[in-house]
Structures are given as structure tokens and as C-alpha cells.
Amino acid sequence: SFPFSRSPDAARVRRARTEYAQRSLEIKDAEEDAGTAVHEAAIRIRARRDRLEMASRLVDLAQKKLDVQRDKYKSGLATLPDVVRFQRDLDTATSNELRARVDVLTARSDLLAARGDLHEILKVRVK
């Protein structure tokens, strides 16, 4: 025989189990999302550090090229427009290096925010 109505307590227990399972899945999703965000932020910061290193090398190279061009100018082997062009190249490389530094700092902040400890590093307290 099958009863026409089930116990309200049994229905509440099933509902509680269903909600518990749903909340558990939501927690797992949140953990996976946080892990993915930290992983992606770490990849971005590594790439931006590599770009910064390359930009620093380009600044050194541009400075050396400018120094050689100045020596040529002093010797009479180069013209002033050549020196100005190499100075402009150095200015561009320096500007790119500065942008790369800002990108690294931004990526570091993003990583700390994804990890959840940005406020601790910056010593921010909420009262």
C-alpha cells in the first residue's frame, strides 16, 4: 500500500539535504573560480615581468646606441639629426619601460586581490 500523504518531516529532511548539496556545490564552484583567478593572475604577472625585462634591455641598448652616435657626432662622422633620432628612440624605450613597470605593479595588485590578501599587504583595516 502507498500512503496518500507523506510525512511533512520527511519532506523537510529531503529539502534540507537538497539545499545542503546545492550549497556544497556553490562552495566548490567558488573555490574553483578563486583558484582559476589566482592561476590566471600569476600567469599575467609572469608575462608582464618578462615584458619589463625586455623593455629594460631595450633601454640599455638604446642608451648604448645613443652614446655611440654622440661619439660619432663629436668625431664628425654623424649629423645632429642622427643623434636626435637616437635620443627619440631612447625616450620611446624609456616610456615603454615605465609602462611595463606600471603593468607589473597592476598585475601584482590583481594577483594579491585574487588571493584575497591585498588589504593585508597594503595594511588596510576596516573598523
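I began at G116, which takes a positive phi of about 95° just after helix α2. I note that the model is predicted.

I then turned to α2 itself. This helix covers residues 80–115, which is 36 residues. From its first C-alpha to its last it reaches 53 Å, close to the 52 Å expected at 1.5 Å a residue. I looked up its buried residues and found V83, F86, L90, A93, E97, A100, V104, A107, L111 and L112. Their cover includes α1 (8–75) and α3 (118–121).

Next I examined the surface. I121, L122, V124 and V126 form a nonpolar patch there, with about 410 Å² of accessible area together. Of these I checked L122, which lies in the segment after α3. L122 counts as exposed because its relative accessibility is 55%, and exposed means over 50%.

I then searched for salt bridges; the whole structure holds six. Side chains of opposite charge can pair when their charged atoms come close.

R15 is exposed at 57% relative accessible area, whereas E19 is partly exposed at 33%.

I also recorded R23 with E26, whose closest N and O atoms are 3.6 Å apart. R23 and E26 are separated by about one turn of α1 because they are three residues apart in that helix.

Technical notes: Residues numbered from 1 in each chain as written. Predicted model: local features only at pLDDT ≥ 70, side-chain atom pairs only at ≥ 80, totals over all residues. Heavy atoms only, no water. Helix = DSSP H or I, 4+ residues; strand = E, 2+ residues; numbered from the N terminus. Expected span 1.5 Å × (residues − 1). Buried < 20%, exposed > 50% of the residue type's maximum accessible area, 1.4 Å probe, protein only. Contact = heavy atoms within 4.5 Å. Patch = residues over 30% accessible without salt bridge, like charges linked within 9 Å, V, L, I, M, F, W, Y side chains within 5 Å. Areas by Shrake-Rupley, 256 points an atom, 1.4 Å probe, with all protein chains shown as cover. Salt bridge = Lys/Arg side-chain N within 4 Å of Asp/Glu carboxyl O.
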